[in-house]
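Reader: I am new to this structure and would like to be taken through it. Could we begin with the aromatic rings and then move to the pockets?

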Amino acid sequence: MDVSRRTVMAGAAASMAAAGLSGCSTASMGSRSSYLTNIVQPGNSNTVYHWVDIAMQQVRDQRVAPPRAAYNFAAPMVAGFVAANAIMGRYDIPYDFGEAPAGADPEVAYGTAFAIAAAECFQQPFLWERRGFMARFASGEAKELGAAWGRHVGIAINKMRTHDGAQPDRVKFYLGRYPRREDALKWTPTGPTYSARPGPSVGAYDRGLFPGHGDIKPWTMTSPSQFRVDAFPDPRSPEFAAQFDQVRVLGGKDSPERTEDQSEIALFWEDGPWGITPPGHFLYIGLQVMQDRGFDFLDHARHFALLGATQADASINAWDSKYAHDILRPETAIKFRCAEFGNPDPRVAAQPRWKSYIPTPNFPAYTSGHSTFGAAGVEMVKLLIGTDAVNFSHESPDQVLWPTLVGKRRHFTSLDQAAHENGWSRLYGGVHWLQDHEAADQAGRRIARHAFETMFRRKA
């Protein structure tokens, strides 16, 4: 049977015309590809979790890079919450999109607004997800009004973010926003075919991942540089020598000092390009630990609006610091740069054959995106639920790159323990300095606290 994709799309679109919907994507909640299956009890499923799951699946299926994944999570989660809250009227909103129609169904509005904003972020129209979601609701005026209002808010959010600096012609280039440093700490891509000295140089690899991402308009911060971290340690200092030795010993591919548990931590939190990424992993944790705490629909909508917005701002903060400071990765330092540091400490010695345990990313080190995402994520969840003392465990959300993780669960007695493991995983993996983690952890927590205190506050 010869059926073209265009024919299928056209037929499905026609069947949905009455609902005013269009689009297509991945399997919805409850399928084997759902992230909810392993962490959310069936009785705790809800509209918010359904759509957050769909966004996480898209990040996985499109192999979206971590900073862009964080960016893509924010707009749909904010749009859904804003649409629903305008109908229910419980929280203050800093946007004026008009007055919601009386009698509109807030959950229909949430799903429609979320899908409209997600379609723009992922360039994926979400046809089947919308159709399945809308089929849950009985026909009537409330459903029609909710869909119309949700569409209005989703489009308004997209327009609001049209010129926020995230466009491909802006985010992929330096454009003079971050001058390169010229000393021994200057970042260059790591590896024999990159431009690390000595060795061959390939000009096409001179630019790291998204050098303009740190200049995107934030959601909750007052500016991209609001929580920019302080300067990196002087390479001639004892502090640098200690950090150099630490990552050299713990993070090498064949390190005899790294324990089996530390190796597992490095892989468990790696969250590479075949999964939900680090920001998605902390949304995953949010889904797991907030599901049975008595929150209602609008509470969950607000929680994930704040989590999505702060994960986006964590990515902006981390990438602003990365390119403002322009600090090399440990592998480049250990293999190529020791003679340039001028550090008399004997621990700062070259090891030309040294390799990081996990692949070294192709962008500057300082600060750690992982640690920023983790600190912002757990700090926000702590503020939302009022405690850090949470017992939970799970397997790695995505195991395709690391089959050794299959069946391995990590257990946590607090949210901060998860953030600590996540941050240190990058040292055990050999791709970050201790300073990258510690400065990022502070920044991420400041981002979350600032957002919690200023955004989407309950009306008096």
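Predicted model: local features only at pLDDT ≥ 70, side-chain atom pairs only at ≥ 80, totals over all residues.

Reader: What about W319 and F363, how are their planes set?

Author: Their ring centres are 5.0 Å apart and the planes meet at 40°. Planes under 30 degrees apart would be stacked and those over 60 edge-to-face, so this pair is tilted.

Reader: Where in the chain do the two residues of that pair lie?

Author: W319 belongs to helix 11, whereas F363 is in the loop between helix 12 and helix 13. They are 44 residues apart, and the pair thus links distant parts of the chain.

Reader: Is W319 buried or exposed? And F363, buried or exposed?

Author: W319 has a relative accessible area of 2% and is buried. F363, at 11% relative accessibility, counts as buried too.

Reader: Which residue lies over the face of W319?

Author: That is K322, at 5.2 Å from the ring centre. In another such arrangement, the charged end of R63 sits over the ring of W274, 3.9 Å from its centre.

Reader: Let us turn to the pockets. What is the volume of the largest pocket?

Author: Its volume is about 670 Å³. The lining of this pocket comprises 32 residues, and E270, P359, T360, P361 and N362 lie nearest the centre.

Reader: Which helix gives the most to that lining?

Author: Helix 13 does, with three residues. Helix 11 (297-325), helix 12 (330-341) and helix 13 (369-385) each supply at least two. By class, the lining has 15 nonpolar, nine polar and eight charged residues.

Reader: And what is the volume of the second largest pocket?

Author: That pocket has a volume of about 510 Å³. It is lined by 23 residues, with R68, Y71, E120, C121 and A166 nearest its centre. Two or more lining residues come from each of helix 3 (66-88), helix 4 (106-122), helix 6 (141-160) and helix 7 (168-171).

How values were computed:
Residues numbered from 1 in each chain as written. Heavy atoms only, no water. 1 Å grid on protein atoms, 1.4 Å probe; cavity = no way out; pocket = protein on both sides within 12 Å on 5 of 7 lines; lining within 4 Å. Points joined across faces, edges and corners; volume = space filled by probe spheres on them. Helix = DSSP H or I, 4+ residues; strand = E, 2+ residues; numbered from the N terminus. Nonpolar A, V, L, I, M, F, W, Y, C, P; charged D, E, K, R; others polar. Phe/Tyr/Trp six-rings, centres within 6.5 Å; stacked < 30°, edge-to-face > 60°. Buried < 20%, exposed > 50% of the residue type's maximum accessible area, 1.4 Å probe, protein only. Lys NZ or Arg CZ within 6 Å of the ring centre and 35° of its normal.
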